[in-house]
Amino acid sequence: MENTVIFQRIEFPGRKHEIMIETIKTSEVKIGMYVILPKSWFGRLLHPFQKTHFLIETEDELQQILHSGLEEIKIDPSCSAIVQDVECLTHPTSEIIPPSKWKSDKNISQQLKQVIHDQSLEPEIKAKAVYQESMTLMKSLFDNPSAGQIIQAKEAIGEVVDMILSEDDTTLNLLKIMTHDFYTYTHSVNVGVQSIALAKRLYGTHSDHDMHELGAGFFLHDLGKAKIDSGILNKQGRLDEKEMAIMRAHPSLGYSILKKANQLSRECALIAIQHHEREDGTGYPRQLKGDRIHDYSRICCIADVFDALTAERSYKRGLSTFEALKIMKDEMYGHFHHDIFENFVMLFH
């Protein structure tokens, strides 16, 4: 039997939408696949699991499926993680192969680099120049998310990270001047800068964390949106259920883009796939809860929501910093790690 792909309506808790479902032989199932298991006619499970749809994360789960007696299995590719790298998502201390260190044949944004290293610029002027050049860089990347462009962007992001870690006044000005038009590239810069600033507050400037790869993960968290139809990304109004289902595929798409470019570091993997997970388990794509979400992803989640609330959209006004933080604290507090959120608030004091 050849693998088949069907367009099917599947009902998950709290959401009902059409998604692409692939049917494969049970013998081909691997760790990292998001499986959808069948029920009997009367609702009785035909397998040993208590749930009918989940990500296979362990060898034990895989073996139970392989020996379940089922000949075929349905999988949802949009919610699946890549098997070679799934360990970094479920066991954050595990080592994975680092991304390639080769250089692209294109220079990084020389203007951005020149501005960052110009010590004669006043912090306010420097912040505006860095912000503008960073948006230009990210727009170029989203227009063409090739391996060379990703490597070029990561080199440039590393320069921005070093500046944020070493220049407090410039960073404070960066946090003040951000625009909130919710273009994907603008959003990526905003979330990147805010997340790096928060990571600096949490981990310090001389920590055991790889701040360059962490910064890359923050800036590139939404890279999967480069594969989403622009009509959905730029829709003048709220997304319907089908459009939202497509949008929810972007974490997995971003993960895949970075892996294909050989730039999927542990930091980038965690942030790409988990940045829409919520502490109370209401996030996506895997409905992770509590400590199953890595702190790196928790950082990005907070900055991501904050920027979404402060963004101007056709159907809503952008909230002020105070209004957004108040809503996050009063109405969305269960979504975030409390200590990390409190540190995020302090960035604006």
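This is a predicted model: local features need pLDDT of at least 70, side-chain atom pairs count only at pLDDT 80 or more; totals for chains, interfaces and linings use all residues.
1. Next, please look at the loop between α12 and α13, where Q287 sits. Q287 also is not a glycine, yet its phi is positive, at about 50°. Because its relative accessibility is 31%, Q287 counts as partly exposed.

2. P285 lies in that loop too, between α12 (266-274) and α13 (295-310). Do have a look at the peptide bond from Y284 to P285: it is cis, with omega near 10°.

3. Now to helix α7. Its 20 residues (184-203) should span 28 Å at 1.5 Å a residue, and the end C-alpha atoms are 27 Å apart, so the two values agree. The helix is mostly covered, with 17 of its 20 residues buried. Just after α7 comes G204, with a positive phi of about 80°.

4. Finally, a helix pair. Two packed helices are described by the angle between their axes and the distance between the axes. For α5 (residues 147-166) and α7, the angle is about 45° and the axes are 10 Å apart. That angle is why α5 counts as oblique to α7. The crossing of α5 past α7 is right-handed. On the α5 side, V161, I164 and L165 make the contact; on the α7 side, V193, I196, A197 and K200 do. Sorted by class, this contact has six nonpolar residues, one charged residue and no polar ones.

Definitions and conventions:
Residues are numbered from 1 along each chain as its sequence is written. Side-chain values use heavy atoms; hydrogens and water are left out. Helices (H or I, at least four residues) and strands (E, at least two) are DSSP runs, numbered from the N terminus. The expected span of a helix is 1.5 Å times one less than its number of residues. Buried means under 20% relative accessible area, exposed over 50%, partly exposed in between (1.4 Å probe, protein chains only). Axes are lines fitted to C-alpha atoms, for helices over the stretch in contact, and angles run from 0 to 180 degrees between N-to-C directions. Angles under 35 degrees count as roughly parallel, over 145 as roughly antiparallel, 65 to 115 as roughly perpendicular and the rest as oblique. A crossing is left-handed if the near helix is turned anticlockwise from the far one by less than a right angle, and right-handed if clockwise. Contact means heavy atoms within 4.5 Å. Ala, Val, Leu, Ile, Met, Phe, Trp, Tyr, Cys and Pro count as nonpolar, Asp, Glu, Lys and Arg as charged, and the others, Gly among them, as polar.
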